[in-house]
Amino acid sequence: MSCDVQNMAAMCTRLALLLACVVGYTAALPWFLHGRPRGGMLGSPGRAGEGPLPPDQWVTQRLDHYNDADLRTWQQRYFVNDTFYKPGGPVFLMIGGEGTADPIWMVTGSWIEYAKEFHALCLMLEHRYYGKSHPTEDTSVENLQYLSSEQALADLAYFRNYMAEKMSLTDNKWITFGGSYPGSLSAWFRLKYPHLVAGAVATSGPLLAELDFVEYIEVVRDSLATTGPECNKNIQEATDAVKQMLETQEGVEKLNKLFNLCSPLDVNVANDVANFWSTISGNFMGVVQYNKDNREFEGAVGTNITLDVLCNIMNDNSKHMPVEERYAAVNYLMMETYKQKCLDVSYSAMIKELRETSWESAASEGGRQWIYQTCTEFGFYQTSDSPNQPFGDGFPLSFSLQQCSDIYGPQFNQSTLMEGIQRTNTNYGALKIAGTKIVFPNGSIDPWHALGITEDPEGTDLHAVYIKGTAHCANMYPARFGDPPELTQARETIKVHIQDWLSQ
């Protein structure tokens, strides 16, 4: 996102964890501005060689696939790479997600290596309401009703048939690819439209919609523990020390300076305090989620900041620095790396920004849309509600739910969201998905694996690829020297499944 770093820091911190990896998200911004989420998202990979990238192309889609009386249409963006294609070869369809689709993914990444080997035609479809794919004149609540995973799957189905007819691909086998939310879409597309696709690679895809995603922060704890017991212990002590500082005016003033807040923290404004806790905890969560991945793309910074780096700071007592100052040093490292002058945790400023509905606004670059999806379909709120973690209890579920109501209106509340979550799990089957010919790669370090399939379900044609020591969407990036053998083997295992689907 190109949201202002200072005014939007707290919002983007939460988005990074909600928005997981998104194919083609290009902005050279800190991890917390990548959402997917972006909660937290798949950054654009490095590129070997030069040359033009595939141009924008457009397909006419229906606004509402489920209302035959609604004849409104719009233009959806897609990309094509036929460099490796040989007549009769397969079609590989990369699914876009909660961010701008970047055509650099049309020339690099593990799926491109598979395409070279299998002589596949490569397509990528941008998700409705993200990037340049604008179905409506703005992102008002009235217009966002057409933003859902079901509508996105219907877009994919129409696009698949449109391209099959346009390029004479009706007899070719199709394979879908996606990472994180698009990973879920990849699995769900095979589930809902098995006659249109021969197999699906669903990387880091959360299948279980869950309101209070307490497992997220617990996996962060476990991942930090891989460096030894001291890191979590020191984070816990730092959390306790910061809590004590918040109890006195003198302590708050010290905290303001220590964490370089843009304006003095008002402890009487509960949502500002929650934003503060969420932000400083998010420094660790985001680094864990993307630990040691291959996001080396133009303009990227911070890819060298790993959980080992953060834990080394927290464990360094050589200068007898108090644990709360080490905690602040982690925050300073993130701010310095991403050229952030100060830390803005104003909840009211964040909400004001997210209420903007113009396509030109910072919020409409992905944040407003994705939060809407979490408030209507998924939940996925990474809260501090688990007692078994070192980050305290400063950003509970109520903080996330309040944002739904404050951004979109009082009708977006816990009751309506629970109905949406139940519908999602009923519609797709959650962890009991009944599809076939789907492979589910997940990294053990990645907190999102807690909502995915990490073991082969008995008696099914579903396959888990659980990759020890890797983070979010690691298998989708190009291979590089120093990749752990588990990651190299995972890419080979995925290729074997693709080969099997194509040979049947």
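A salt bridge here is a side-chain nitrogen of Lys or Arg within 4 Å of a carboxyl oxygen of Asp or Glu. With that rule, the count for this structure is 15 salt bridges. The model is a predicted one, in which local features need pLDDT of at least 70 and side-chain atom pairs count only at pLDDT 80 or more, while totals for chains, interfaces and linings use all residues. Residues are numbered from 1 along each chain as its sequence is written, and side-chain values use heavy atoms, with hydrogens and water left out.

**Stop 1: charged pairs**

Select Glu126 and Arg77 to begin. Their salt bridge has its closest N and O atoms 2.7 Å apart. The pair links distant parts of the chain: Arg77 sits in strand E2 (residues 73-81), Glu126 in the loop between strand E4 (121-125) and helix H3 (141-144), and 49 residues separate them. Helices (H or I, at least four residues) and strands (E, at least two) are DSSP runs, numbered from the N terminus. Glu126 and Arg77 are both buried, where buried means under 20% relative accessible area, exposed over 50%, and partly exposed in between (1.4 Å probe, protein chains only).

Next, pick Asp155 and Arg128, whose side chains meet in a salt bridge of 2.7 Å, N to O. Asp155 belongs to helix H4 (residues 149-166) and Arg128 to the loop between E4 and H3, so this pair, 27 residues apart, also links distant parts of the chain. Asp155 and Arg128 are both buried.

For a contrast, go to Lys233 and Glu237, where the closest N and O atoms of the salt bridge are 3.0 Å apart. About one helical turn separates Lys233 and Glu237, because they are four residues apart in helix H7 (residues 230-245). Lys233 is partly exposed at 41% relative accessible area, and Glu237 is partly exposed at 34%.

**Stop 2: Tyr381**

Centre the view on Tyr381, in strand E8 (residues 379-381). Is Tyr381 buried or exposed? Tyr381 is buried, with a relative accessible area of 2%. Its side chain makes a polar contact of 3.1 Å with that of Thr374; a polar contact is a pair of N or O atoms within 3.5 Å, and within protein one must be able to donate a hydrogen and the other to accept it, with residues adjacent in sequence counting only if both atoms are side-chain atoms. A polar atom of the Tyr381 side chain also lies 3.4 Å from the backbone nitrogen of Cys375.

**Stop 3: helix H16**

Finally, select residues 485-503, which form helix H16. Which residues of H16 are buried? They are Leu487, Ala490, Arg491, Ile494, Lys495, His497, Ile498 and Trp501. These lie on the same side of H16, because they cover an arc of only 160 degrees around the axis (the arc is that of the directions from the helix axis to the C-beta atoms). Turn to the other side of H16 to find Pro485, Val496 and Ser503 exposed. The buried residues of H16 pack (contact means heavy atoms within 4.5 Å) against several elements, among them strand E3 (91-95), helix H2 (110-118) and strand E10 (462-467).

Notes: Expected span 1.5 Å × (residues − 1).
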